[in-house]
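Q: I have a structure to go through with you. Could we take it one topic at a time?

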Amino acid sequence: MSNQKPLKKPPWLRRRLPASGKGAMVYQTLDDLHLNTVCESAMCPNRGQCFSEGTATFLLLGPDCTRSCRFCAVDKGKIKPPDPDEPQRVAQAAARFKLDYVVLTMVTRDDLPDGGAALVAESITRIKQALPHVMVEALISDLGGDEAALNTVLASEPEVLNHNLETIPRLYATVRPQAVYERSLQLLSRAARAGFITKSGLMLGLGEELDEVAVVMDDLLEAGCKILTLGQYLAPSKKHLAIERYVEPDEFDQLKALALGKGFSAVASAPFVRSSFRAKELYESALGPESA
């Protein structure tokens, strides 16, 4: 990684603030139920738009993470025991928002024997009890490679099992030093072999080369991954990894075409794309025409 001066933000990364819409209701509900969202914890650039539309990506077991990935804005270190009432409160929020597709994610909890899998599974179960026709996407940590913990999550039957590789293997030591590329691939492979639709994503602009991104695509396809998201890395602060370059929209379009040509069922590739970006639409695309 270079120590270059911060790059000037290009015009395609400037956007107007969305109309407030349902934003006040979302904030009030999250406050009432004492819930965290990755939208705010990770400083997602889409949070204003999503909140205005009456949706959010719930962050379980947080707000603090046991790992120190250098790209992530989620707090680290002040770990508290899991809140046993959190699954029920998440289900209440999903019901208030009248969601038909819920995206859950989690902080990494290496301090817990199951990595937090039981609470994630209970959250999915509670949501499906509150909203019988809902679909749930679970964006999970690598659970320390624990197959039993993964099976606990899968037993709650999420429609999509999502786990992000985040970057190319060459950059793991710098970008996410406590993660293991092969371990993450193995998690996705296990879920795919169990019959689940799997999804992963990469941040671009960290110093990766196009041929390296193509190799990761091949690795994901070999692991049975169906859905891919590609977005621009945006440094949350000066303390985080610097942006090596801004990837132009045309290049994102080329990468989407490459990924679809290789065999992914659904791909979102654009500067502001994040893991939960248009998640329901990607899921339905992955299902094919029969989902229409």
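Q: Is cysteine 72 buried or exposed?
A: Cysteine 72 is buried, with a relative accessibility of 18%. Buried means under 20% relative accessible area, exposed over 50%, and partly exposed in between, with a 1.4 Å probe and protein chains only. Please note that this is a predicted model, in which local features need pLDDT of at least 70 and side-chain atom pairs count only at pLDDT 80 or more, while totals for chains, interfaces and linings use all residues. Residues are numbered from 1 along each chain as its sequence is written, and side-chain values use heavy atoms, with hydrogens and water left out.

Q: How many disulfides are found in the whole structure?
A: The search finds 0 disulfides, a disulfide being a pair of cysteine sulfur atoms within 2.5 Å. Cysteine 65 is in none, and the nearest cysteine sulfur, that of cysteine 69, is 6.4 Å away.

Q: Changing topic, what is the span of helix α4?
A: Helix α4 covers residues 86-97, 12 residues in total, and reaches 16 Å from its first C-alpha to its last. That is close to the 16 Å expected at 1.5 Å a residue, where the expected span is 1.5 Å times one less than the number of residues. Helices (H or I, at least four residues) and strands (E, at least two) are DSSP runs, numbered from the N terminus.

Q: Which residues of α4 are buried, and what covers them?
A: The buried residues are Glu86, Pro87, Arg89, Val90, Ala91, Ala93, Ala94 and Phe97. Their cover includes α1 (23-32), β2 (58-60), β5 (101-106) and α5 (117-130).

Q: What follows α4?
A: Lysine 98 follows α4, and its phi is positive, near 55°.

Q: At what angle do α1 and α4 pack?
A: The angle is about 160°, and the axes are 10 Å apart. Therefore α1 is roughly antiparallel to α4. Axes are lines fitted to C-alpha atoms, for helices over the stretch in contact, and angles run from 0 to 180 degrees between N-to-C directions. Angles under 35 degrees count as roughly parallel, over 145 as roughly antiparallel, 65 to 115 as roughly perpendicular and the rest as oblique.

Q: Which residues make that contact?
A: Met25, Val26, Thr29 and Asp32 of α1 meet Ala93, Arg96 and Phe97 of α4. Contact means heavy atoms within 4.5 Å.

Q: What else does methionine 25 touch?
A: Leaving aside neighbours within four places in sequence, methionine 25 is in contact with Gly54 and Phe97. Methionine 25 counts as partly exposed, at 31% relative accessibility.

Q: Where is threonine 167?
A: Threonine 167 is in the loop between β7 (160-162) and α7 (172-175). With a relative accessible area of 1%, threonine 167 is buried.

Q: Which residues does threonine 167 touch?
A: Not counting residues up to four places away in sequence, threonine 167 touches Tyr172, Val175, Tyr181, Leu202 and Leu206. Leucine 206 is 39 residues from threonine 167 in sequence, and their C-alpha atoms are 7.9 Å apart in space.
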